[in-house]
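Please open the model in your viewer and keep the selection tool at hand. The tour below moves from one selection to the next and says what is found at each stop.

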Amino acid sequence: MSSLERPSAGKQYWRSLAERADAPEFRRFLEAEFPDAGVPYLSPTEKTGTGSEPKYVGTAGAVTGSVPVPVFDGDDGLSRRRWLQLMGASLALAGLSGCRWEKRELVAEVKRPKGRTPGKPQRLATAMDLAGSAIGLLVTCVDGRPIKIEGNPRHPASLGGTDAFTQAAILELYDPDRSHDVYRAAEGGPIVQTWDKFAEFARPHFAALRKSGGAGFHILAEASSSPTRAILLEQLLEELPDAMWHEYEPAARERGPLRTDFDLEASEVIVCLDADLLGAHPAAVRYAREFAKGREVVEGRMNRLYVVESHFTVTGASADHRLAIRAEQIAGFAEALRRAIEGRAPGVSPGIEEANASHPRADAQGSPDSGGSPDKFLRAMADDLLAHKGQCVVAVGPRQPGHVHETVRAINAALGNMEQTVWRTVDYGPDRLEAPQPIEALIAAANAGHVGTLLILGGNPVYNAPADLPFAEALAKIGTTIHLSRYRDETSRLCTWHLPEAHFLEAWSDARSYPGGEYSIVQPAIAPLNDGRSALEILSLLLEGRWPDAEKLVRKTFETIARIVGGGTSDQAWREILHNGISPASPAALMMPLESELPAVVESKPAGKKEKSGSDLEIVFCADAKVFDGRFANNGWLQELPDPMTRLTWDNAAILSPATAERLGVANGELVRLKYRGGEAQLPAYIMPGQADASVAVMLGYGRTAAGQVGGSSADGVAPVGVDVYRLRHSAAMHFDSGLAVEPTGVKYPLAMTQDHFAIDTVGMEARAQRVGSLIRETTLSEETGTGRGLAEHEAVEKDSSGQSAPHPRQESLWEEPEYKGHRWGMAIELSKCIGCGACVVACQAENNIPVVGKERVLVGREMHWLRIDRYFTGDPADPQIAVQPVACHHCEMAPCEQVCPFGATVHSAEGLNDMVYNRCVGTRYCANNCPYKVRRFNFFNYHKQFRDAANEVLKMAHNPEVTVRSRGVMEKCTYCVQRIQAAKIAAKNEGRPIEDGEIRTACQQACPAGAIVFGDLNDKQSAVLRACHSKRAYGMLAELNVKPRTQYLTRVRNPNPVLLTLRVREEA
Amino acid sequence: MSGKSNLMADPIFPKWIDRLRPLAGVLLAVVPLYLVGMAYYAGSPETTDVGYSPVQPIAYSHALHVGEMGMDCRFCHTTVESAAFAAIPPTETCMTCHKNVAAESDKLPLLRASWADEKPIHWVKVHDLPDYVYFDHSAHVTRGIGCVSCHGRIDRMEQVAQVERLSMGWCLECHRNPEQHLRPQEFVTAMDWKPIEPQEVLGKRLREKNNINPSTDCSTCHR
């Protein structure tokens, strides 16, 4: 029976188009948790058997039409995959110590560092700067090695939460592919040099430059919020007045010298125009927390989010109303909104009408959620905004040109939001006030032969400069090029000198957050593993001719800032900021200018004359949610993290709407040729419900050729992951542009999507259990606060479909039900707050030594993540809503897995935990079979065994020593972070006190920027988790099976605009 | 005459073999038992682990320092009450005394070298639990389990040896019946402490007083 015909009433949820159509691809994962477990040695082409099946190709870059995906063999497959087996964590060798008399040594320190207790975790405050804005962190170190990163609750950009990038920084720190050596280009290939040799070269070279006033000397830097770096650059430019300083960020998260800040917590209505406030924004972690607070129903009120965007973002997925329009229509929409607001006369906007006329499909996009058409949507939204003057926010994303930002500023001003919920501030910092030169100027100067020496501080412009700015060619015309970077990447390989850069966890620096510029110190958690140096040290060498004491440099800046803001400069003040990670006196207030002093937004260059390609398609370039602009391409945790929206791992794709795909004759997963401005790229198509029609979104950051063994390295014969779309990008239209042509190729490409994996089989249950309630539940604010119909509706569903009286009668257990006298651990997940960003998934991976398995394994459903985020669509495929739901082990009280294990390898603890005993497990996989939630993961291979390779020794340091590393043939699953529970229990008992509520936080809970996860003791009457579980919105997933799940979900509350809902009803009638 | 009757007349085995048949039966039953028993015994912690006493790089004598001079365990193993590891002391700890005491001893060149060159000493681990076991010293010491319960009379050992099995069964014996080993907190490090009342009575009282209910869940020690 198709899921479409299911008799269940109410909303229909579907994981993917494949499920909706009940396609064989979905059935494959529904019917067997590991569909290819029995045939692990065949390639997909062999499996399909018939010659008429579409052929698979290995990589998108080199399409030949019939290259099979490499064979899934046990031990001798792809070199990348083989290497990936290392990317988890391992004590595999040490685990063999069961054989006694292996002599093991205890190596004590000569002098124990102050405050160090062997084996006890220490925490250290630092900050991570990403593309010019920082987030404050607490790094957990064990015996001097960082193993886990958490958010710093004192830091305003973190508030204790993190994102996936910061969680994954640990793996980057220990990446064996990070650059180890100084290289110098020479005839016959680059040669390894030492830092001394570089200093020997640099001293006279820069002395000569100083003499000439820096003529022909250019610096190209990546964006950084470091005040110390800014001061050093300023000094350098003072001493070398003719030198030029350029800055380039390919995927800027902010635009221009203006920064806008919002108070989402105080906002009743939030409108995002192509603005991914909760996902890609530099302050996303804070905004997620504020937004989630606004989702709490307080006195019958909660915030309402409207999102207008071209492709699904986590913000769009959280929206109450979402309108999918092309990115280039946003300007017209904003203008229409301004007119509607300023004229106080909500009406038809010519801008939108025009847009509709030129793109007929846009008109047909009306859906329940967009209220019928963009016009009605706009009218209802404008009315809603006007009804909440001073309590609303209109945001526009950095992709949109300057005039749209000005329009939105006018809207916010007209709504009286300025200084209420919206603030604008000039970017602080001496570096930013005098804007750096763009990369175009550098290329022009280089091509004119005016550049003698180029110093590149971070960044990878050879890879990520737009296609019309041939950076590599310009580089060849420069006498001396020096590149400082963490990896020996595409740019390094073309430079005269490559210098290994220290990781942010290895070096002293400082950073400021978005937008206020709260000042934090970046302090090293470990000595440089690869003898790297920071940008501060290099700049200092150029200035002074000798290596500096970086700590002193940073401290000097700290003292300068302290003098400005009136803070202390004493040793104690210094220790305080090192301890707290944030300066108590924020300089932000000082730097905040008056509205009248703000410069107008810098107008972006008008898009060049469009080449008529006979196509009306639009291309939108997006920074990737996992590899960002490509800098995290060698990070296995991020590569294997399913994209929050597409659930895609190990690839990027051209994202098309179902209607556009149909019009173009493109099938899902088919390779398509994208032609744009003379450039061409072939990448797989991904049909995404909710994508704007005639708009194609592509993710930047893939197709790296010198990233490393994970992300792709042509030198080592490792194929790139995904396809590089920078070569389609033009400096005239960095973010979106029309004129794209898409041609299907008829070649099928295997996309490793996890959306259908571990599908919970409600379809098959129908015959025997109509009573199975919805896995995911949603209600609306009016229902929630009114008659409580939200839950009543579900009960009605159960009643209707089963014919029994609802709620379902209490079932008797087949088993003796245990009593829990001590602790009773439980979890509650607030679906209203979860935005589906994926930070928890990476946090879980880092905390629990979960291996990375590689694309080939993900394709057959063998990813090892203990925590997955299910994504459901609901509504019309042309314009659906998304609901996300994190699912991990539910620690059922009547756990079905325990009942079938013949070896007692999974047993119940006295505190209600479903313990997994790896040593007893022989891998029958009965438990996984019997788990209704599909949360058990099996180690089909020893994903850790290649730690025996000495080159990968350093990766072992990333492991959490408190968690066993699992080997082949063993089942594993979420433990509720039992190591954290035990640590807290022991600490509390040692001090003779009870465990406080909130003292134990699971890794996912701690990482969650929105605070959606609550964990605690259900036997503690005061605990937050008990309160949550007693909410009338609380429900257990598949509770009807009488397995008594310990994890409870809180029904998601949406807050739709009643006007738009009424419109829907009327239209349906 | 047929061949059959020939065979009947000349059996392959002599008659007396029949008398050995019960013996063969017994052997068949006993030999596997014996082999399995031997393998079990040879591989048991009782045989393999108890008595392990590796030679240390420096002939540090607990008998001298603890037994004769009466130093407390916690003088060197400072973290035992607060951390999972009862950490091996850094060279610095030794040097607090040995800068002056036996400073020129010919038994301590390695110690002096370690101090001078800032090179750590490589001690050999005696009590070594498998890596999948997460034992925490602080949880036991602060609850009144004496050092001697697991480590034996360290104060009599010239060279430290393992005296207990440290097997899972051995751990569980105490986790199920902690009364046998509980003692007042202040005597935790005392090597020769004996209760004045019967251990069972004292243990029961201490258990109730301090609410000691050791868990036997798998996840208590295995994570």
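Select A:Ser485 and A:Pro500 together: the latter, in strand 18 of chain A, is the bridge partner of A:Ser485. The model is predicted, so local features are given only at pLDDT of at least 70 and side-chain atom pairs only at pLDDT 80 or more, while totals for chains, interfaces and linings use all residues. Residues are numbered from 1 along each chain as its sequence is written, and chains are lettered from A and ligands numbered from 1 in the order in which they are written.

Now widen the selection to strand 17 (residues 480–485) of chain A, which runs parallel to strand 18 of chain A and is joined to it by 4 bridges; strands here are DSSP E runs of at least two residues and helices are H or I runs of at least four, numbered from the N terminus, and two strands pair if DSSP finds at least two bridges between them. Strand 6 (residues 182–184) of chain A also pairs with strand 18 of chain A, in the antiparallel sense and over 2 bridges, and there A:Tyr183 stands opposite A:His498. Show the side chains of strand 18 (residues 497–500) of chain A: A:Trp497 and A:Leu499 point one way, A:His498 and A:Pro500 the other way, and all are buried, that is, with 20 or more other C-beta atoms, placed from the backbone, within 10 Å of their own.

Strand 1 of chain A is joined by 2 bridges to strand 33 (residues 868–874) of chain A, where A:Trp14 stands opposite A:Phe873.

Finish at strand 2 of chain A, which 3 bridges join to strand 1 (residues 122–124) of chain B in an antiparallel run, with A:Leu106 opposite B:Trp123.

Terms used:
A residue is buried if 20 or more other C-beta atoms lie within 10 Å of its own, exposed if 12 or fewer, and partly exposed in between; C-beta atoms are placed from the backbone.
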